[in-house]
Amino acid sequence: MIEVKDIYYTFPNRVQALKGVSLTISDGEFIAIMGQNGAGKTTLVKQFNGLLKPTKGEVVVDGINTRETSVAKLARNVGFVFQNPDHQLFCESVEEEIAFGLRNFGFEKNLEKKRVDWALNLLDLAQYRKTSPFLLSGGERKRVALASVLAWDPKTVVLDEPTIGQDHQQKEKLRQFIVQLNSQGKTVVVVTHDVEFVAESNPRVVLMTGGKIIADGIAEEILTNEKLVTKASLVPPQISQIFLQLADLGLPTNVIDIYQARDVLSKYMEAKHK
Amino acid sequence: MPIIETEGLTYTYQGGIKPSIRDVSIKVEEGEFVILTGPSGCGKTTLCRCFNGLIPHFYTGTLKGTISVAGLNVIEHKIHELARHVGFVFQNPENQLFALSVEKDVAFALENLGMPREDIQGKVEWALKNVGAYALRERAPHELSGGQQQRVAIASVLAMQPAVMVLDEPTSFLDPLGAKKIFEVIAELNKKLDITVILVEHRLDLAAKYVDHVIIMDEGKVILDGEPRDVFNSDQARLVGVGIPKATRLFQILKEDGFNLKKIPVSSDNAAELLRGVLSHD
C-alpha cells in the first residue's frame with residue numbers, strides 16, 4: 001500500500017511542483033494519473049520509490065516512511081519505467097540490461113539466469129538477447145526497460161507516459177499487457193495524458209493540475225466531465241464526445257467505450273419500441 | 001495538375017537490404033489536407049523525405065521512379081530550391097527552435113534567403129498571427145509550453161509561404177488539448193491560405209474531421225488511398241492495425257447488430273448527428 005499524506009514538493013529552483021497532495025493506493029489497484037504537462041504527475045510518482053522525498057508531509061510505502069529508508073530498498077517494491085527508455089538503458093546487451101537490476105538486488109546466479117529468461121520471453125525479446133539496446137527501435141527499447149523492471153518482480157510498477165511514440169498496434173499490445181499484469185495482482189500506476197488509452201482500460205483515474213489533485217474516481221465519471229477534463233488540458237474520449245452531444249435524448253453521458261456504447265444504444269432502442 | 005505526384009517511387013537507403021518505400025504512386029491535389037499513416041516502420045517518414053528532396057540529395061541510396069512537387073522534378077532540383085515550396089514541421093519542436101526569441105526563430109530562415117529587413121518584419125508578424133502566437137513574440141522559445149513551441153515551429157515554416165506543409169507527428173509530445181489546438185491551426189492554414197497539408201499522424205481521432213484524403217502505408221507500400229470515409233471503413237485499414245476513428249468503428253459495430261447509421265461517420269460530431277437522426281426518427 002502506498003500512502004501519500006498531504007505532501008508538498010519544491011524543486012531546488014524554487015518551483016513548487018506539489019501543493020498538498022493526499023492519495024492512497026491499495027495493493028492490486030490499477031490507477032492512471034492524468035493531467036497536463038507540468039501538472040506534477042511525474043514529481044508525484046517519483047515520491048513512491050523515494051527518488052524524490054517530500055519537502056513537507058510524508059509518503060509511506062508498505063508501512064515504511066520513504067524518508068527512513070534508501071531508494072534501493074524501495075525500488076525492490078516499486079519499479080519505475082521512465083518515459084524515455086534511453087534514460088534507463090546503459091548496458092551492452094539486452095540480457096545484461098535485464099540482469100543488472102537483479103545483481104544489484106543480490107539475486108543468486110542461478111535465479112538471475114531464470115529471471116532473465118523469463119523476462120525476455122514475457123516481452124518477446126528473446127531474439128535480441130545479445131543485441132545492444134541502442135540498435136533496437138523505440139518501441140523495443142521501451143519493452144527492454146519494462147522487462148528489466150519486471151525481472152525483479154516488484155509489487156508495484158510505475159509507467160511514465162508509456163504510449164508516447166508508439167503506433168496503434170504497439171499501444172494496444174501494451175495495454176493488454178498492463179491489464180494482464182494487473183489481473184495477476186500487480187499494482188499498476190500509469191502516468192499519461194492518453195485519454196483513449198485510459199478509456200479502453202477503465203482504471204481508477206486521478207486528475208492533477210497545478211500541483212494538486214482535482215479529481216479522483218472511476219474513469220467513466222471523470223473523463224466524461226467536460227469541465228473537469230478541460231481544466232486538466234484533456235479532452236473527453238471520442239465515444240464520450242458523441243454521447244455528451246446526445247444527452248437531451250435521454251441517453252446516459254457516462255459512456256467511454258465502444259462496447260459500452262453498443263449496449264446503451266441497443267437498450268435505448270428496445271425501450272423505445274415497447 | 002497535382003501539386004505532388006509520384007510514379008513507381010522506390011527507395012533503398014545506402015546499406016539497406018530492402019526498399020523502405022516500394023512502387024509508390026500517389027497524387028495530391030493543390031489545397032488538399034492529407035493524412036499519411038501506417039504502422040511504425042511502414043515508410044511514411046521516408047516518403048516525406050522525398051517531398052522536400054532530402055531524398056535523394058541528402059540521404060544517399062537508390063531512388064527509382066519519378067516525383068514532382070509544386071511543378072518541380074525533385075530529382076533535378078536542389079534541396080534549397082524545393083525548400084521554398086515545401087515546409088517541414090517535426091515531432092519535437094525543441095529540435096527546430098534554437099534562437100533567443102520567438103521572433104528571431106521565425107525570422108531565421110527568411111534572413112537566410114536574403115530577404116530585406118523590412119519585409120522580414122512583416123512576414124514574421126503575419127506568420128505568428130496566423131498560428132495565434134503573436135503575443136509570444138518576445139518570449140524565449142525554451143520557456144514556452146510544448147504546444148506553444150509547436151505553434152512557433154509552424155510559424156517559422158509558414159513565414160516562408162510554402163505551397164506544401166509536411167508535418168511529421170507534430171502532436172506526439174502534447175497533451176490532448178494542446179494537440180487539438182495544433183490541428184485547428186493546421187486546418188485553418190489549409191482552409192484560409194490554401195496550403196496543401198501532409199500530416200503524418202497516428203492519432204487519427206482528433207485530426208480526422210479536417211481531412212479530405214487519407215493514405216495508408218504498410219511495409220513500404222501504399223495499401224489504401226482515398227476519401228477518409230472509404231479508407232477508414234475498409235477492412236484492410238483495421239487489419240493493418242491503424243487506429244481508425246472510434247466514430248467509424250462504432251458505425252461498423254452497430255451495423256453488425258443491424259443498426260444502420262446510413263452514412264459513415266469519421267468524427268464524434270458526425271456520429272452524434274447521424275445517431276440523432278436515427279434515434280429521434282424511429
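This is a predicted model: local features need pLDDT of at least 70, side-chain atom pairs count only at pLDDT 80 or more; totals for chains, interfaces and linings use all residues.
Strand β10 itself, residues 213–218 of chain B, is mostly covered, since six of its six residues are buried. This holds for both faces of the strand: His213(B), Ile215(B) and Met217(B) are buried on one side, while Val214(B), Ile216(B) and Asp218(B) are buried on the other.

Stepping back to the whole of chain B, we find 12 helices and 11 strands. The radius of gyration of the chain is 20 Å, close to the 19 Å that the globule rule gives for 282 residues, so chain B is as compact as a globular protein of that length. Taken along the principal axes, the box that its C-alpha atoms fill is roughly 65 × 45 × 30 Å. Of the 282 residues, 48% count as buried, and of the contacts between residues at least 6 apart in sequence, 64% join residues at least 24 apart.

Chain B also touches chain A, where 31 residues of chain A are in contact with 33 residues of chain B. On the side of chain A, the elements that give two or more residues are α6 (168–183), α7 (195–201), α10 (238–244) and α11 (258–273), and α11(A) gives the most, with seven residues. Sorted by class, this side of chain A has 12 nonpolar, 15 polar and four charged residues.

Within chain A, helix α3, residues 94–104, and helix α5, residues 138–150, have axes that come within 7 Å and cross at roughly 35 degrees, and the crossing is right-handed. The residues that make the contact are Val94(A), Glu97(A), Ile98(A), Phe100(A) and Gly101(A) of α3(A), together with Val144(A), Ala147(A) and Ser148(A) of α5(A); by class, five are nonpolar, two are polar and one is charged.

Terms used:
Residues are numbered from 1 along each chain as its sequence is written. Chains are lettered from A and ligands numbered from 1 in the order in which they are written. Helices (H or I, at least four residues) and strands (E, at least two) are DSSP runs, numbered from the N terminus. The radius of gyration is taken over C-alpha atoms; the globule rule is 2.2 Å times the number of residues to the power 0.38. A residue is buried if 20 or more other C-beta atoms lie within 10 Å of its own, exposed if 12 or fewer, and partly exposed in between; C-beta atoms are placed from the backbone. Two residues are in contact if their C-beta atoms, placed from the backbone, lie within 7 Å. Ala, Val, Leu, Ile, Met, Phe, Trp, Tyr, Cys and Pro count as nonpolar, Asp, Glu, Lys and Arg as charged, and the others, Gly among them, as polar. Axes are lines fitted to C-alpha atoms, for helices over the stretch in contact, and angles run from 0 to 180 degrees between N-to-C directions. A crossing is left-handed if the near helix is turned anticlockwise from the far one by less than a right angle, and right-handed if clockwise.
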